[in-house]
Amino acid sequence: MTHTILLVEDNPKLRPALEMGLNQSDFVQVSASCDSAERAFDLCLDNPPDGILMDVQLAGEMNGIEGAIAVRREFPRMPVVFYSIQ
């Protein structure tokens, strides 16, 4: 079974590479990707994924943790996996 994920990464070079690698998996399919927590929230409202893979350090008004809190207010059981690349 393939699960859909939302990829949230603000690095424009890293995001497509992550998306390509994830889509080659038999387990997950990136349903959407974006560069901000604010956009991730909107995408979840439009078409909720099975889970979210989110950078902790995002540019914008909300960082990854704040974005996940906003999403989980609407979708309390939404799995969110955080990562940080330094």
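Contact here means heavy atoms within 4.5 Å. On that basis, the elements that cover the buried residues of α3 in this predicted model include α2, β3 and β4. The buried residues of α3 are Gly-64, Gly-67, Ala-68, Ala-70 and Val-71. Because these residues span an arc of only 160° around the axis, they lie on the same side of α3.

The helix α2 was examined in the same way. Its buried residues are Ala-37, Ala-40, Leu-43 and Cys-44. An α-helix has 3.6 residues a turn, so residues three or four places apart point the same way. The partners against which the buried residues of α2 pack are β1, β2 (28-34), β3 and α3.

The strands form an open sheet of four, in the order β2-β1-β3-β4, with parallel pairing. The edges are formed by β2 and β4 (80-83), each of which pairs on one side only. From one strand to the next, the twist averages 25°. The helix α3 packs on this sheet and touches β3 and β4, and its direction makes about 175° with that of β4.

Within the sheet, β1 and β3 run parallel and are joined by four bridges. In this pairing, Ile-5 stands opposite Gly-51 of β3. The strands β3 and β4 also pair in the parallel sense, over four bridges, and Met-54 has Phe-82 of β4 as its bridge partner.

The strand β3 is mostly covered, with five of its five residues buried. In a regular strand the side chains alternate between the two faces of the sheet. Both faces of β3 are covered: Gly-51, Leu-53 and Asp-55 are buried on one side, and Ile-52 and Met-54 are buried on the other.

The nonpolar interior was considered next. In soluble globular proteins, nonpolar side chains tend to be buried together. The largest nonpolar core of the model comprises 16 residues, and those with the most contacts inside it are Leu-6, Val-8, Cys-34, Ile-52, Met-54 and Val-80. Two or more residues of this core are supplied by each of β1 (3-8), α2 (37-46), β3 (51-55) and α3 (64-74). The largest share, four residues, comes from α2. Apart from this core lies another, of six residues, including Ile-5, Leu-7, Val-28 and Tyr-83. Leaving aside residues up to four places away in sequence, Met-54 touches Val-8, Gly-64, Ala-68, Val-80, Val-81, Phe-82 and Tyr-83.

The cysteines were examined for disulfides, and the structure holds zero. For Cys-34, the closest cysteine sulfur is that of Cys-44, at 8.1 Å, which is too far for a bond. A disulfide requires a pair of cysteine sulfur atoms within 2.5 Å. Cys-34 is buried, with a relative accessible area of 5%. Cys-44 likewise counts as buried, because its relative accessibility is 0% and the cut-off for burial is under 20%.

Definitions and conventions. Residues numbered from 1 in each chain as written. Predicted model: local features only at pLDDT ≥ 70, side-chain atom pairs only at ≥ 80, totals over all residues. Heavy atoms only, no water. Core = buried A, V, L, I, M, F, W, Y, C linked by side-chain atoms within 4.5 Å. Buried < 20%, exposed > 50% of the residue type's maximum accessible area, 1.4 Å probe, protein only. Pairing = 2+ DSSP bridges. Axes fitted to C-alpha atoms, helices over the stretch in contact; angles between N-to-C directions. Arc of directions from axis to C-beta.
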